[in-house]
Structure formats: structure tokens, C-alpha cells
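Terms get their cut-offs as I meet them.

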Amino acid sequence: MIQFDKKSLRKEVRARKKQFSTEGLIKESRPLIQRVLNHPRLQNAKTVLLYNSLPDEVYTHDLIKQLHNEGRTILLPVVISDTEMELRLYRNPNSFETSSYGILEPIGEAFTDFPSIEFALIPGMAFDKERNRLGRGKGYYDRFLPLLTNAYKVGICFPFQFLPSIPTEETDIKVDECIY
């Protein structure tokens, strides 16, 4: 039953996203990214985990470049199997390849110094007031987030993705805060 509820919720959020064009979602992303940039935990962070946004996610491409240009170490996730992802260092806008999921992923060696990550921006299909996160259904972040022992984990979503409550399971990992 819980899985069915999650599946239905993902379908509903996808329908809400389709009401916007890619350009519209980029515009809706600007105030959210500004809140990220103003976040006190990010202000002091030297090593930051971000994500290279898909067209239906809060747009992060400019944020990645900006923080990199400020001299921060930027890490991005790379899907390496049906169940796992790893982190890689962002070097420049030309050091990417397109994954089988259509995501631009950085090329290079895996980054494994997880304790050095101070701030992590986490996407999701939905978040709720209890800081629960609903992902796309593969569990990549739920398996990965426990490795980020020192990172302050901030979920980010559009306001229409922030819900009063979402179905959860024991394996679901909460974020420390959500920006919406």
C-alpha cells in the first residue's frame, strides 16, 4: 500500500511539473537558488555536493558554475548501476558526458572523502514539513545520504512539490532542511 501511495504521488507531482515549460521552471528556480546562496551553512562550506538538474528540477547549472568560480570544491552525483551512485569532482563545463538517463555527469575518478562534504543540496520529487523526501523511486539518495556524516543536507523543490506529508518507509532518509 505504501509503495502504491508513493507511485501515485510521483505521478501527481509529474503532472504538476508538466504545467510549466522548462523556461518557466528555470524562472521559478531563481528565488530558490538565491535562498541557497544566502544560506549560512553554504556561506562557510568549502566542499559542496550539488546535482546537475534535469529539465523538471530546480535549475542548478548556474549555481554549479558560480560556486566553482568562487573556489569551492563542487561534487556531482553519477549513477554507476541500477542501485548505486558515486560522486565526482566538477572541473569545468566541458568535462561532462551524457548518462543513459540523459543526465550530464562529470567524467573522472570517484570522490570518496565523504567527511569533507559540508553542504549537500538534494533534489526530490516531493518533501514535507517533517523533512521527509520522496525521490524518483530508485533509492539512490536513500542509500547514499548516510555516508554524508558531516554534511548539512538541504532538500530543494518547487513550492508545488512541498506537501503537508508524504508516505515514508524505514529506509527513507530525511534532510536537515528544505527550501521550497
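Two strands pair if DSSP finds at least two bridges between them. Helices (H or I, at least four residues) and strands (E, at least two) are DSSP runs, numbered from the N terminus. The model is predicted: local features need pLDDT of at least 70, side-chain atom pairs count only at pLDDT 80 or more, and totals for chains, interfaces and linings use all residues. Residues are numbered from 1 along each chain as its sequence is written, and side-chain values use heavy atoms, with hydrogens and water left out.

**Entry 1: the 7-stranded sheet**

I traced an open sheet of 7 strands with mixed pairing, in the order β6-β3-β2-β1-β7-β10-β12. β6 and β12 (177-179) stand at the edges with a single partner strand each, so one side of each has no neighbour in the sheet.

I then went through the pairs. Strand β1 (residues 47-49) runs parallel to β2, joined by 3 bridges. Val 48 has Ile 74 as its bridge partner in β2. β2 and β3 are antiparallel, over 5 bridges. A hairpin of 5 linking residues joins β2 to β3. Here Pro 77 stands opposite Leu 87 in β3. β3 also pairs with strand β6 (residues 110-111), antiparallel over 2 bridges. In that pair Arg 88 faces Ala 110 in β6.

Is strand β3 mostly covered or uncovered? Strand β3 (residues 85-89) is mostly covered, with 4 of its 5 residues buried. Buried means under 20% relative accessible area, exposed over 50%, and partly exposed in between (1.4 Å probe, protein chains only).

**Entry 2: the 3-stranded sheet**

I found an open sheet of 3 strands, order β9-β8-β11, again with mixed pairing. β9 and β11 (162-163) are its edges, each with a single partner strand, so one side of each lacks a neighbour in the sheet. Strand β8 (residues 126-128) pairs with β9 in the antiparallel sense over 2 bridges. Ala 126 has Leu 134 as its bridge partner in β9.

**Entry 3: nonpolar cores**

I counted a nonpolar core as a set of buried Ala, Val, Leu, Ile, Met, Phe, Trp, Tyr and Cys residues joined through side-chain atoms within 4.5 Å. The largest has 45 residues; Leu 50, Ile 117, Phe 119, Leu 121, Leu 148 and Ile 156 have the most contacts inside it. Helix α2 (residues 22-37) gives the most to this core, 5 residues. A second, separate core has 7 residues, among them Val 13, Ala 126, Leu 134 and Ile 166.

I checked Leu 148 for contacts (heavy atoms within 4.5 Å). Leaving out residues up to four places away in sequence, Leu 148 touches Leu 49, Phe 114, Ile 117, Ala 120 and Lys 153.

**Entry 4: pocket and cavity**

I worked on a 1 Å grid over the protein atoms alone: a cavity is a set of points where a 1.4 Å probe fits but cannot get out, a pocket is an open set with protein on both sides within 12 Å along at least five of seven lines, and lining residues have an atom within 4 Å of a point. Grid points are joined across faces, edges and corners, and a volume is the space filled by probe spheres set on the points.

The largest pocket holds about 670 Å³. Of its 32 lining residues, Arg 133, Arg 136, Lys 138, Tyr 140 and Tyr 141 are the closest to its centre. α1 supplies the largest share of that lining, 4 residues.

How many cavities of 30 Å³ or more does a search of the whole structure find? The search finds 1. The largest cavity has a volume of about 40 Å³. Its lining includes Lys 17, Tyr 51, Asp 56 and Ile 156.
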